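I opened this notebook to record what I looked up in the structure. The entries follow the order in which I worked.

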Amino acid sequence: MRTSFVFSEVVTGLRRNVTMTIAMILTTAISLGLLGGGLLVVRMVDKMQANYAGKLEVSVLLTNDVSANDKDCTQQPCSGLRSQLEQTSGVETVVFQNRDEGFERFKRIFEAQPELLKLARPEAIPATFRVKLEDPERTDVIRQAFEGKPGVKAVDDQGKFLERFFEGLNGLRDVALILALIQAFAALLLISNTIQVSAFTRRVEVGIMRLVGATRWYTQLPFLIEAVVAGIIGAVTAVAGLVLFKAFFLDRITRNLTESGLIPPTGYLDILFVSPWLFLVAIVISATTGYVTLRLYVRL
Amino acid sequence: MIRLEHVSKVYKTSTRPALDDVSVEMEKGEFVFLIGPSGSGKSTFLRLLLREEVPTRGRVYVSNFDVAKMSRRRVPRLRQSIGCVFQDFRLLPTKTVAENVAFALEVIGKPRNTIVKVVPEVLQLVGLDGKEDRFPTELSGGEQQRVAIARAFVNRPLVLIADEPTGNLDPDTSQDIMLLLERINRTGTTVIMATHDHGIVDSMRRRVVELSYGKVVRDDARGVYGVGR
């Protein structure tokens, strides 16, 4: 097989249908970009789950009355609640945090947002039991037992909050993946169409090739490679798009959240990790589509 | 060399068979005219040899190939041993004379050094030396057909199939093309030529196989186009 011949055919083919080729590349790129975005969200959720695993706590918030008057949790109902918590099965540790400590912690977390700190008053922060469970999933036990007891204002389950947050992220991922799928379908049709147009414009050449006894591979390979090359260019564009999206958009809107440690930052390394998959998907899809099109719709 | 045994071909879209129980044998090195009116089955005959079509019944042999029975994978091998020339030349307008001829070798994977050696040789054989770098549009009809013949012959096929090669040419040019085909025939290549050209058939006095409604109605060893015409 003469590779130089095949590649010169590929280049002429791509140049000849330049508008179709561009459409094909852009559609592929958008599809892969969305897929990449979805995969980045998956990575982010995984990282967050790893980060938070074992750190999740249930907070039992105490009423304003208790928060103001019982700094060391020596009186009722605070001390009673504490011993009840400690005796509940499945509880690992119970830490009491009074209003001042809570306020300090709040200041630490939101260091990056001085405007928020300016508005905050210690009176808004309740004294809290921070309860760590042996099994972080079993938060309902605490909630059922302590919600509504005298001195308890609310039971705040970080897990529940995080779950909602993950649900939001997973929703985002699903939307990205569904859009990616729709775009991939469009890309598929475009690839198929481009190959058909390409085969039609080259029907004289292909006719001669068949007649002089070129093998099926020789006649079809240029079309296949054409599709795959367009797919790869699409993948490159998609990766470039993700990098630009991160550099100029994502970094800016998530800066506060990542600096305060709420969500892990998305790095270039994450994009690097995701991009081989995009290339793989691009190559597999374009090659398969090309092959099926040649088999079914183009008589070579 | 070429043998058809009780070959019939019925196209799905037609009730009348395009070929009807045809049995013919052609020897290596023969020059055969295939004549008959339009629709008599000449093109189907040639397409069967190339395995562009498969017969509905009967068997087709070309060289060592059992054409009707062979697997699709082996078809390229068969076609590499057959050269083809058409009425409409079928040259690639974006390639030069030499490139058009080289194309036939490139696409079957011949090495570059073979190509640069044999292309000038065959161009000289067909009388086009000095015109290697012209484009088909810059050539006369006769010259274009010479390029097509060079392309068909460059891989030294066992059989050369010519489907009305002089159909688009004036009588003098046609005569030149016939001389060229004769020269190729003298190298031992079997030539099968479908034609309507009385003058050529009558002057060459070669074997004539006449088809009518898909049947062989005449097979003369040294024939003319039509008796009494």
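Predicted model: local features only at pLDDT ≥ 70, side-chain atom pairs only at ≥ 80, totals over all residues.

**Entry 1. Overall form of chain A.** I counted the secondary structure of chain A and found eleven helices and four strands. I then looked up the radius of gyration of chain A, which is 30 Å, whereas the globule rule gives 19 Å for 300 residues; the value is well over the rule, so chain A is more spread out than a compact globule. Along the principal axes, the C-alpha trace of chain A spans about 100 × 40 × 25 Å. Of the 300 residues of chain A, 34% count as buried. I also looked at contacts in chain A between residues at least 6 apart in sequence, and 84% of these join residues at least 24 apart.

**Entry 2. Helix α1 of chain A.** Which residues of α1(A) are buried? I found Glu9(A), Val10(A), Gly13(A) and Leu14(A). Viewed down the axis of α1(A), these buried residues fall within an arc of 130°, and therefore they line one face of the helix. Ser4(A) and Arg15(A), on the other side of α1(A), are exposed. I then asked what the buried residues of α1(A) pack against. The partners are α2 (18–52), α8 (158–201) and α10 (216–259) of chain A.

**Entry 3. Strand β1 of chain A.** I followed strand β1 (residues 57–62) of chain A to its pairings. With strand β3 (residues 128–133) of chain A, β1 runs antiparallel and is joined by five bridges. Within this pairing, Val60(A) has Phe129(A) as its bridge partner in β3(A). With strand β4 (residues 152–157) of chain A, β1(A) pairs in the antiparallel sense, again over five bridges. There, Leu62(A) stands opposite Val152(A).

**Entry 4. The sheet of chain B.** I traced an open sheet of six strands in chain B, with the order β6-β7-β8-β3-β9-β10 and mixed pairing. β6 (82–86) and β10 (215–220) of chain B stand at the edges with a single partner strand each, so one side of each has no neighbour in the sheet. Neighbouring strands of this sheet are turned by 15° against each other on average, direction ignored. I looked next at strand β3 (residues 31–35) and strand β9 (residues 207–212) of chain B, which pair in the parallel sense over four bridges. In this pair, Leu34(B) has Val209(B) as its bridge partner. Helix α1 (residues 42–49) of chain B packs on the sheet and touches β3, β6, β7 (159–163), β8 (190–194) and β9 of chain B. The direction of this helix makes about 150° with that of β7(B). Helix α5 (residues 141–153) of chain B also packs on the sheet, touching β6 and β7 of chain B, and its direction makes about 165° with that of β6(B).

Entry 5. I returned to β6(B) and asked how many of its five residues are buried. Four are, and the strand is thus mostly covered. β6(B) pairs with β7(B) in the parallel sense over five bridges, and Cys84(B) stands opposite Ile161(B) in β7(B).

**Entry 6. The contact between the chains.** I recorded 13 residues from chain B and 13 residues from chain A in the contact. On the side of chain B that touches chain A, α2 (75–80) and α3 (97–106) of chain B each supply at least two residues. The largest share of that side, four residues, comes from α2(B).

Technical notes:
Residues numbered from 1 in each chain as written. Chains lettered and ligands numbered in written order. Buried ≥ 20, exposed ≤ 12 C-beta atoms within 10 Å, placed from the backbone. Arc of directions from axis to C-beta. Contact = placed C-beta atoms within 7 Å. Rg over C-alpha atoms; globule rule 2.2 N^0.38 Å. Pairing = 2+ DSSP bridges. Axes fitted to C-alpha atoms, helices over the stretch in contact; angles between N-to-C directions.
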